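I opened the model to look up a few local features. My notes follow the order in which I checked them.

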Amino acid sequence: MTSRIGSALAIAAMFALTSAAAAPAGDTVDSHLAAAKTAAAFDFTGTLARTCIVPQTGPGRDVAPPAPPARDTWFTEPAKVFDNLYFVGTKIHSSWALTTGDGIILIDTLYDYASDEAIVGGMKKLGLDPNSVKYVIVSHAHGDHVGGAKMMQDRFHPRLVMGAPDWDAIEKSQNQYPKGKPKRDIVAADGQKITLGDASVTLITTPGHTPGTLSMIFQVKDNGRPLTVAYSGGTAFNFVNDVPHFDTYINSQRKMAAAAAAAGATILMSNHSEFDNAVTKIKLMAARKAGEPHPFEIGREAVARYFRVTDECAQVARMKLR
Ligand SMILES: [Zn+2]
């Protein structure tokens, strides 16, 4: 018995050695995890933790939103972050007002419970007129980003932009919109530009996090100096965890990394502070001295590393499925 187990182990060990030798260099769970850790460095610890370390969760069920959490768990002050970009988000989720000569493009709309105070109230505090919002771009139709879309659509009548599969998901949902659904408006096309006044947001379809996830490229100005933002529209793996879904996700990370590089993006933004440290960086702005770089300006190499983290961590998760 013992010798049979022993020889089975020996064969297993030989097989492991053989398959390890046959695998392309670095194509193991450990090598992808190591690559992700290196890419994350100190810039993307939240992204690393969420996508490489903590257990993944599947897609959410079609249920009504839970009761709103206490205000002090999410409220944070709005802020002017660039000459033409204002933060009107929460401690957890981002919403951004991009100002132009002809009105405002709003990016993402938070949970329903936070949207009135954080977005409408935030804009008013910052001297912006919510009536001048002409476009609302929703990165994807999860409650934490699409929650305020109907409120914005009903009150201020902007054009509402979303990916086709996410419009479909809203229309199919039975329970997630107890106060009513945003009405289908502009269906985003890959490479489409949403142009208003002197500003333009390029939409990049990045299916994965949801089938209709939109990422974006746009310009901001820091004391007149133009800088390019790569906005990642969806990060965590709360989709059906199988090989085809991970392949779709990985391809989208590479597509967006290439778009960010081609555009010369030196700023990486996400719709969760967990992934881009937006709220912390906004606090750091108070200590910025003349001549110091803007806390959001991390450089092309760091922007590339963000997409390397999500790519490598998706490969780790994909490999663990086998
Ligand atoms: Zn989401």
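I started with His-157, which is exposed at a relative accessible area of 61% (exposed means over 50%, buried under 20%, partly exposed in between, with a 1.4 Å probe and protein chains only). This is a predicted model, in which local features need pLDDT of at least 70, side-chain atom pairs count only at pLDDT 80 or more, and totals for chains, interfaces and linings use all residues. I number residues from 1 along each chain as its sequence is written, and side-chain values use heavy atoms, with hydrogens and water left out.

I found a positive phi of about 55° at His-157, although this residue is not a glycine. His-157 sits in the loop between α6 (149-156) and β6 (159-162). Helices (H or I, at least four residues) and strands (E, at least two) are DSSP runs, numbered from the N terminus.

I then looked at Asp-108, also not a glycine, and read a positive phi of about 70°. Its loop runs between β4 (103-107) and α4 (112-125). Asp-108 counts as buried because its relative accessibility is 0%.

Which residues coordinate the zinc ion? I noted His-140 (NE2), His-142 (ND1) and His-209 (NE2), at 2.1 Å. Donors are N, O and S atoms within 2.8 Å of the metal (3.2 Å for Na, K and Ca); water is not among the atoms, so sites may look incomplete. Along the chain, the zinc donors have the spacing H-x1-H-x66-H. His-140 is in the loop between β5 (133-137) and α5 (143-146), and His-209 is in the loop between β9 (199-205) and β10 (214-222), so the pair ties together parts 69 residues apart in sequence. I logged both His-140 and His-209 as buried.
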